[in-house]
Amino acid sequence: MVETTSASAPHVTDQRLVKGARSRASIARHAADVATVEGLNGVSIGRLATDLGISKSGIATLFGSKEALQLAAVHAAREVFVEQIIAPSLGEPRGVARVRALVDRWFDHITEPPFPGGCFRTAALIEFDSRPGPVRDALAADHEEWLVFLAGEIRKAQDMGELPPVDPATLAFELDAVVSAANMACQLGSEAKVSTARSIADRLLGRAES
């Protein structure tokens, strides 16, 4: 019989925790991929087990329920959004340059999506906007947090005299509507309408220079 020393036991436990966290992250990311094509309701333990070649019980152990899996997909998509849009844009100078960087990367997220079905946020919000529950709440909170953040960056640019003194929340809402429309146009294969959406966003952000 092999004895486990007190020093090695925590190491084994830590390794298991790391492996479990990696498995959760991988499954959640695939769930987000599936959701952009088939909707969050298309995300199920059975579907992901088949796709990933792992057991249903293994996924059930990690997530417990379909709803928990859907919430994990929302979180995974949020992490991608932060990583690809927000984090790199924070390297730009504060002001209109940073706002434009956020919007440019937001459009890139639409035209060169990290998910097979386009923008996760846009698709999921449309699917769950009339379905009360934890998933809708998580999507709404994530969306509102993004709009508040964007409005905050717009306000900073206004304080520097680089954007007009319009209501920051209104401008953030307008930009969100334009990019959401661009996502739909992109999914329908209308490059011209995506270009039109970019022009509208540029006009919204260029009014300060007139």
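Tutor: Helix 4 passes helix 7 in a right-handed crossing. The contact draws on Glu67, Gln70, Leu71, Val74, Arg78, Phe81, Ile85 and Ile86 from helix 4. From helix 7 come Pro134, Val135, Ala138, Leu139, Asp142, Glu145, Trp146 and Phe149. Sorted by class, the contact of helix 4 with helix 7 comprises 11 nonpolar, 1 polar and 4 charged residues.

The model is predicted, and the geometry should be read with that in mind. Across the protein the average pLDDT is 88, and 89% of the residues score at least 70. Confidence is highest in helix 7, at a mean of 96, and lowest in helix 1 (residues 8-38), at 76.

The whole structure holds 4 aromatic pairs. One of them joins Phe81 and Trp146 in an edge-to-face arrangement, with 5.0 Å from centre to centre and 80° between the planes. Because Phe81 belongs to helix 4 and Trp146 to helix 7, the pair ties together parts that are 65 residues apart in sequence.

Helix 4 has a further contact, with helix 6 (residues 120-128). Here the axes come within 10 Å and cross at roughly 145°. Helix 4 passes helix 6 in a left-handed crossing. On the helix 4 side the residues are Gln70, Ala73, Val74, Ala77 and Phe81, and they meet Phe120, Arg121 and Phe128 of helix 6. The residues of this contact divide into 6 nonpolar, 1 polar and 1 charged. Gln70, Val74 and Phe81 of helix 4 take part in the contact with helix 7 and also in the contact with helix 6.

Helix 8 (residues 168-187) and helix 9 (residues 191-206) pack at an angle of about 170°, their axes 8 Å apart. That angle makes helix 8 roughly antiparallel to helix 9. Helix 8 contributes Leu171, Glu174, Leu175, Val178, Ala182, Ala185 and Cys186, while helix 9 contributes Lys193, Val194, Ala197, Ile200, Ala201, Leu204 and Leu205. The contact of helix 8 with helix 9 has 12 nonpolar, no polar and 2 charged residues.

Note on methods:
Residues are numbered from 1 along each chain as its sequence is written. This is a predicted model: local features need pLDDT of at least 70, side-chain atom pairs count only at pLDDT 80 or more; totals for chains, interfaces and linings use all residues. Side-chain values use heavy atoms; hydrogens and water are left out. A crossing is left-handed if the near helix is turned anticlockwise from the far one by less than a right angle, and right-handed if clockwise. Helices (H or I, at least four residues) and strands (E, at least two) are DSSP runs, numbered from the N terminus. Contact means heavy atoms within 4.5 Å. Ala, Val, Leu, Ile, Met, Phe, Trp, Tyr, Cys and Pro count as nonpolar, Asp, Glu, Lys and Arg as charged, and the others, Gly among them, as polar. pLDDT is the predictor's confidence in each residue, from 0 to 100. Rings of Phe, Tyr and Trp (its six-membered ring) pair if their centres lie within 6.5 Å; planes under 30 degrees apart count as stacked, over 60 as edge-to-face and the rest as tilted. Axes are lines fitted to C-alpha atoms, for helices over the stretch in contact, and angles run from 0 to 180 degrees between N-to-C directions. Angles under 35 degrees count as roughly parallel, over 145 as roughly antiparallel, 65 to 115 as roughly perpendicular and the rest as oblique.
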